[in-house]
Amino acid sequence: MNIVISGGGMVGMTLARLLRVRGFSPVVIERNAEGVYMPRGYMLGFQGYPPLEEAGVMDEIRAAARDIAPRPDGSAVALAVRFGVLIESLARDLPVVYEHTVVELVRDDTDRVVGVVAEGPDGRVNIDADLVIACDGMFSPVRQMAGLEAKFEPLADAALTFMSPQPVETSFEMAYMSDGGHIGVLSWKEGTAGWRSIDKVGAEAALAPGLDAIKKMWTQLLPSSAEGVAALTSMDQVRYSEPQLLSCARWWIPGLVIIGDAAHFFGPETGVSSGIGLGDAHALAEAVRQNPDDPDAACRSYELWRAPVVRPYEAMDPGRQRMVPAGNVQARPEERWPPAE
């Protein structure tokens, strides 16, 4: 089976390695240059352990990570690790077509997807495919080209986040506030990230109080973050966003399937988006192995296996509604952001 993977991020790279283990030679197309990615921390949930073990990179990742909720038997519910450790391990020795973007799907006279047109520094190239796999992010261009409908649902809250180069003692902590909002911190060996829910006030209002006020607020509400917060030196390390949930009623059409963030995206309280995406890669690689001459059968098997896993998370995502419905209870003065004047 000739396979094209659009998106050489974590899920795409994992899928490529798992397919190669099974005897396939997928073509991975990645728009960024080799070694280019957003520096950040990453929480690897237990759902991602089996695919990364089979891909041959789990020992390296575990050695570079900090445990989250360690167990007496030496295992951990999740790991906090520098994202670069993961992506560099997956990319090693993996042939990837960098600096190329899928700009068009090629279809036959039955409307089946039979390849892609990719554009790079030297122009456009046609690549034939029995199966195109889109794992090119929440706003997936390939999903849009395929005509697969995506449902975006804004969360009730906005998010204020920071990223610091200073690790703190705890690898993970999350707490709920009096109005049902939440605040948390993730710390890997090289840094710390924090997040908290706030009302949708817009970036200008959310960032207006300035860095000192943000550092004071975070330290007061989540003392475990204090050392990481103290290392913040610029408002460039702080970000306001308005997250959305994503779900898709259909995951495939003849010749093409979407997985990972291209197919589903969950709220920050769920904490499973990337782990579920790695599970998608594992399931699809196995579905292809079992149906090496029938990509549609592989897609049907994939959907049969993954729907019972993914759909409940989509339906019950806690981001859809606060524990205390938004607006029903006033936050304590020290929890309000921006601070009351």
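Predicted model: local features only at pLDDT ≥ 70, side-chain atom pairs only at ≥ 80, totals over all residues.
Colleague: Which strands make up the open sheet, and in what order?
Modeller: The open sheet has 6 strands in the order 6-2-1-10-19-18, with mixed pairing.

Colleague: Which are the edge strands?
Modeller: Strand 6 (96-98) and strand 18 (252-253), each of which pairs on one side only. Strand 18 pairs with strand 19 (residues 256-258) in the antiparallel sense, over 2 bridges. Ile253 has Leu256 in strand 19 as its bridge partner.

Colleague: What lies across that sheet, on strand 1 (3-6) for instance?
Modeller: Helix 1 does; strand 2 (27-30), strand 6 and strand 10 (131-134) are also among the strands under it. Helix 1 runs at about 160 degrees to strand 1.

Colleague: How do helix 1 and helix 9 sit, parallel or antiparallel?
Modeller: The axes of helix 1 (residues 10-21) and helix 9 (residues 273-290) cross at roughly 30 degrees and come within 9 Å. Angles under 35 degrees count as roughly parallel, so helix 1 and helix 9 are roughly parallel to each other. The crossing is right-handed.

Colleague: Which residues meet there?
Modeller: From helix 1, Met10, Val11, Thr14, Leu15, Leu18 and Leu19; their counterparts in helix 9 include Leu278, Ala281, His282 and Val288. By class, this contact has 10 nonpolar, 4 polar and no charged residues.

Colleague: Changing topic, how do strand 4 and strand 5 pair?
Modeller: Strand 4 (residues 66-70) and strand 5 (residues 76-82) pair in the antiparallel sense over 4 bridges, and Ile68 stands opposite Ala78 in strand 5.

Colleague: And what is between them?
Modeller: There are 5 residues between the two strands of this hairpin. Gly74, in the turn, has a positive phi of about 95 degrees.

Terms used
Residues numbered from 1 in each chain as written. Heavy atoms only, no water. Pairing = 2+ DSSP bridges. Axes fitted to C-alpha atoms, helices over the stretch in contact; angles between N-to-C directions. Parallel < 35°, antiparallel > 145°, perpendicular 65-115°, else oblique. Left-handed = near helix turned anticlockwise from the far one by under 90°. Contact = heavy atoms within 4.5 Å. Nonpolar A, V, L, I, M, F, W, Y, C, P; charged D, E, K, R; others polar.
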